[in-house]
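Please look over the chain shown here before reading on.

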Amino acid sequence: MKIVVIGGTGLIGSKLVAKLKQQGHDAVAASPKSGVNAVTGEGLAAALAGADVVVDVANAPSWEPAAVLEFFERSSRNLAATEAAAAVKHHVALSIVGTDRSPDIAYFRAKLAQETIIKASAVPYSIVRATQFFEFLGAIGEAGAAGDKIVVPSALFQPIAADDVVDCLAEIATGRPLNGTIDIAGPEKAPFNEFVARRQKASGDSRTVVGDPKAQYYGASIQDTSLNPLGEARLGKTPLATWLARL
Ligand SMILES: NC(=O)c1ccc[n+]([C@@H]2O[C@H](COP(=O)([O-])OP(=O)(O)OC[C@H]3O[C@@H](n4cnc5c(N)ncnc54)[C@H](OP(=O)(O)O)[C@@H]3O)[C@@H](O)[C@H]2O)c1
């Protein structure tokens with residue numbers, strides 16, 4: 001199968017392209033580095049010619065509210081139109097668990113706009129909503145840096161290894177379109193600050209990590225129900241300890 005991975009040079013995209021190639025697929029990484037820009041449309045029609053499946057794991061270079069919304073709206077509209085013209089049979093997108101539950105987070109609003117465009121398009125689709133990646137824990141901690149402390153929310157959190165997200169995406173991309181959404185989360189659920197503290201400790205960072213129910217996550221207060229799957233969800237197989245041991 002020819003599978004074009006938009007954002008195929010990124011964290012998830014590069015792992016996904018490698019996995020699909022291992023499985024014998026004609027997996028192609030498409031991104032600005034290879035002359036394909038989903039926002040401007042540059043190189044998109046040529047990249048999608050003959051593709052059976054497109055997986056969109058691109059990410060916006062700026063998370064400023066207007067910029068990130070424009071990125072996901074424009075790229076999703078361009079992809080929908082170009083895929084329809086190229087008779088692509090399946091569009092797969094990676095979104096985030098709870099995008100519809102935290103409207104105060106600008107990034108989540110942008111991902112929800114992406115999902116809405118995909119659902120309205122003519123191309124059969126599957127949306128995989130993942131929780132936050134273990135690989136993202138360091139950046140989340142830095143966002144809460146306050147002097148010699150790190151202050152982050154204390155709400156429940158269920159992050160996942162990028163490799164487990166990639167396994168799920170590879171399975172979905174090579175299967176039939178769901179025309180629906182699935183959630184995937186990590187195998188362990190614990191207060192947000194505990195995950196961040198374990199990540200910091202593993203990298204030799206001695207700052208104290210404080211869990212504060214009022215601390216914000218990208219500009220919003222979060223509750224135990226904000227970032228975790230509320231219904232049925234697939235679970236990744238990698239516990240944080242296993243992932244930390246590989247650092
Ligand atoms: N971080 C999390 O915890 C989390 C959780 C759930 C879901 N997600 C979603 O996972 C997806 C992948 O995230 P990631 O961390 O793997 O991203 P990443 O490492 O930041 O990679 C971003 C990718 O997007 C590409 N890109 C940027 N602008 C583009 C454009 N105009 N057209 C086409 N491609 C473009 C980049 O290409 P170049 O290398 O050529 O610049 C790169 O390949 C995102 O959609 C994100 O919303 C993230």
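In this predicted model, the buried residues of α4 are covered by several elements, including β3 (53-56), α3 (65-85), β4 (90-96), β5 (125-130) and β12 (216-217). Helix α4 itself runs over residues 106-120 and has 15 residues. From its first C-alpha to its last, α4 reaches 21 Å, close to the 21 Å expected at 1.5 Å a residue. Among the buried residues of α4 are Tyr 107, Phe 108, Lys 111, Glu 115 and Ile 118.

Ser 102 counts as buried because its relative accessibility is 6%, and buried means under 20%. Leaving aside residues up to four places away in sequence, Ser 102 touches Phe 108 and Ser 226.

The helix also takes part in the lining of the largest pocket, to which α1 (11-22), β4 and α4 each supply at least two residues. This pocket has a volume of about 740 Å³. Its lining consists of 35 residues, of which Val 57, Ala 58, Asn 59, Trp 63 and Tyr 107 are the closest to its centre. By class, the lining of the largest pocket holds 23 nonpolar, ten polar and two charged residues.

Which parts of the chain do the salt bridges tie together? The structure holds eleven salt bridges, one of them between the side chains of Arg 129 and Asp 100 (3.4 Å, N to O). Arg 129 lies in strand β5 and Asp 100 in the loop between β4 and α4, so this pair links parts that are 29 residues apart in sequence. Arg 129 counts as buried at 9% relative accessibility, whereas Asp 100 is partly exposed at 44%.

Another salt bridge joins the side chains of Lys 237 and Asp 164 (3.6 Å, N to O). Lys 237 is in the loop between β14 (234-235) and α8 (240-245) and Asp 164 is in helix α6 (residues 162-173), so the pair ties together parts that are 73 residues apart in sequence. Lys 237 is exposed, with a relative accessible area of 64%, while Asp 164 counts as buried at 5%. Through shared partners, salt bridges join Lys 19, Asp 164, Asp 167 and Lys 237 into one network.

Key: Residues numbered from 1 in each chain as written. Predicted model: local features only at pLDDT ≥ 70, side-chain atom pairs only at ≥ 80, totals over all residues. Heavy atoms only, no water. Helix = DSSP H or I, 4+ residues; strand = E, 2+ residues; numbered from the N terminus. Expected span 1.5 Å × (residues − 1). Buried < 20%, exposed > 50% of the residue type's maximum accessible area, 1.4 Å probe, protein only. Contact = heavy atoms within 4.5 Å. 1 Å grid on protein atoms, 1.4 Å probe; cavity = no way out; pocket = protein on both sides within 12 Å on 5 of 7 lines; lining within 4 Å. Points joined across faces, edges and corners; volume = space filled by probe spheres on them. Nonpolar A, V, L, I, M, F, W, Y, C, P; charged D, E, K, R; others polar. Salt bridge = Lys/Arg side-chain N within 4 Å of Asp/Glu carboxyl O.
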